[in-house]
Amino acid sequence: LSYFSIEVSACKQDLHSGGFGGSIYEPLADVMWMLAQLADSDGTILIDGIHDLVAKVTVEERKLYDSIDFDQEAFKRTIGAKKLSRSSKSEILMNLWRYPSLSIHGVEGAFDGQGPKTIIPAKVTGKFSLRLVPNMDGETVEKLVLSYLDRLWEKRGSPNAYRAYQNYTGRYWLTDFKHPHYQCGARAIKRVFGVAPDYTREGCSIPITLTFEELTGKNVMLLPIGAGDDMAHSQNEKLNVKNYIMGTKMLAAYLLELGSL
C-alpha cells in the first residue's frame with residue numbers, strides 16, 4: 001500500500017460563504033477536482049505509468065481464478081452494492097486481489113457533520129491510497145503519482161498553496177502456495193471443514209509477513225479462519241464464533257499435518 005495526501009490552502013482562517021463566497025479560489029474545490037482525476041468511474045487508475053509496473057498475467061495463473069468458488073450476486077448482496085465494477089468472475093477477483101486499486105479515503109479539514117454548514121474551509125487535505133501488487137515498488141509509484149499530481153495542479157491553474165506527498169508505503173508480499181506448508185494447510189482445512197480450499201490473494205496490508213519471511217528465510221503462510229462478510233475496519237466488524245472454534249481445530253489439524261512431513 002502507498003498512501004498519499006493532497007494539501008491545499010487559500011487563506012489564514014475559515015470563511016463564511018455568505019460573506020466571502022465568489023471572492024477567492026476555494027481549496028476544497030481544488031482538492032475535489034484533483035481527486036476526481038485519479039481514476040475513472042469504474043475504478044480504472046488514470047495515473048500514467050502505473051499499469052506498466054504490474055506483472056503480466058500468465059495462462060496458468062488465469063486458470064486459477066476460473067476455478068475459484070465465487071458467487072458475484074451473493075458478493076454484491078453482502079456489501080449492498082448496486083453494481084460491480086467488472087462483469088466476469090475472474091475479472092472481479094483479479095481486480096480485488098491481483099491488480100492495483102486506487103481508493104479515496106476522505107478530506108481532512110472539510111465539514112463532515114450532519115445538516116447544512118456555510119463555511120469555506122481555509123485548508124483541506126485529500127487522502128487516497130494505491131494497492132501495490134507484483135512488481136510495483138513504492139519508490140517508483142511515489143515518483144509517478146507525485147509527478148501526475150504536479151501536472152494536474154499546473155493544469156488546474158489555482159493560485160492557492162499546494163503540496164502533495166506520500167505518507168507511507170509498504171511492499172507487496174507474494175509467496176509460493178505450492179510449498180509443503182500450504183499443502184498441509186489445505187489438508188487441515190479439508191479435514192475440519194470438509195471442503196478443499198481455494199487459493200486466494202488479498203488486498204489487505206500485513207507487512208509483518210514480509211518481515212518474517214526475510215528474517216527467517218522460510219516460507220510464510222496465512223491460514224485464514226474469518227468469513228468473507230467479516231467487514232474488516234468497517235461498521236459491525238465481526239468474527240463468527242463458529243469460525244473461531246473451527247479455526248482452533250484447523251490449527252491443531254495443521255500442526256498434525258506438519259508433523260507428518
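**Helix H7 and its cover**

I started by asking what covers the buried residues of H7, and helix H9 (241-259) is part of that cover. Cover here goes by contact, meaning heavy atoms within 4.5 Å. Helices (H or I, at least four residues) and strands (E, at least two) are DSSP runs, numbered from the N terminus.

Before going on I noted the ground rules. This is a predicted model, where local features need pLDDT of at least 70 and side-chain atom pairs count only at pLDDT 80 or more, while totals for chains, interfaces and linings use all residues. Residues are numbered from 1 along each chain as its sequence is written, and side-chain values use heavy atoms, with hydrogens and water left out.

Back to H7: I listed Tyr182, Cys184, Gly185, Ala186, Ala188, Ile189 and Val192 as buried. Buried is under 20% relative accessible area, exposed is over 50%, and partly exposed lies in between (1.4 Å probe, protein chains only). I then checked the length of H7 (residues 180-193): at 1.5 Å a residue its 14 residues should span 20 Å, and the end C-alpha atoms are 20 Å apart, so the two agree. The expected span is 1.5 Å times one less than the number of residues. Just past H7 I found glycine 194 with a positive phi of about 80 degrees.

**Domains**

I looked up how the chain is divided: domain 1 is 2-54 + 99-169 and domain 2 is 180-259. These bounds come from an automatic or database domain assignment. The centres of the two domains, taken over C-alpha atoms, are 36 Å apart.

**Cores**

Next I asked which residues touch the most other members of the largest nonpolar core. Out of its 28 residues, they are Phe128, Leu130, Val141, Val145 and Leu149. A nonpolar core is a set of buried Ala, Val, Leu, Ile, Met, Phe, Trp, Tyr and Cys residues joined through side-chain atoms within 4.5 Å. At least two residues each come from strand E1 (2-9), helix H2 (27-36), strand E5 (123-130) and helix H6 (138-156). H6 gives the largest share, seven residues. There is also a second, separate core of 10 residues, with Cys184, Ile189, Met246 and Ala253 among them.

**Strands**

I went on to E5, where six of the eight residues are buried, so the strand is largely enclosed by the rest of the structure. E1 is mostly covered too, with seven of its eight residues buried. E1 and E5 pair antiparallel over eight bridges; I count strands as paired if DSSP finds at least two bridges between them. Within that pair, phenylalanine 4 sits opposite phenylalanine 128 of E5, and serine 9 sits opposite lysine 123 of E5.

E1 is also joined to strand E6 (residues 161-169) by eight bridges, again antiparallel. There, serine 9 has alanine 161 as its bridge partner in E6. I also traced strand E3 (residues 102-108), which runs antiparallel to E5 with six bridges between them. Serine 103 is partnered with serine 129 of E5.

**Aspartate 30**

Is aspartate 30 buried or exposed? Its relative accessibility is 2%, so it counts as buried. I found this residue in helix H2. The side chain of aspartate 30 makes a polar contact of 2.8 Å with the side chain of arginine 156, and another, also listed at 2.8 Å, with the side chain of asparagine 160. A polar contact is a pair of N or O atoms within 3.5 Å; within protein, one must be able to donate a hydrogen and the other to accept it, and residues adjacent in sequence count only if both atoms are side-chain atoms. Leaving out residues up to four places away in sequence, I noted that aspartate 30 touches Val8, Trp153, Arg156, Ser158 and Asn160.
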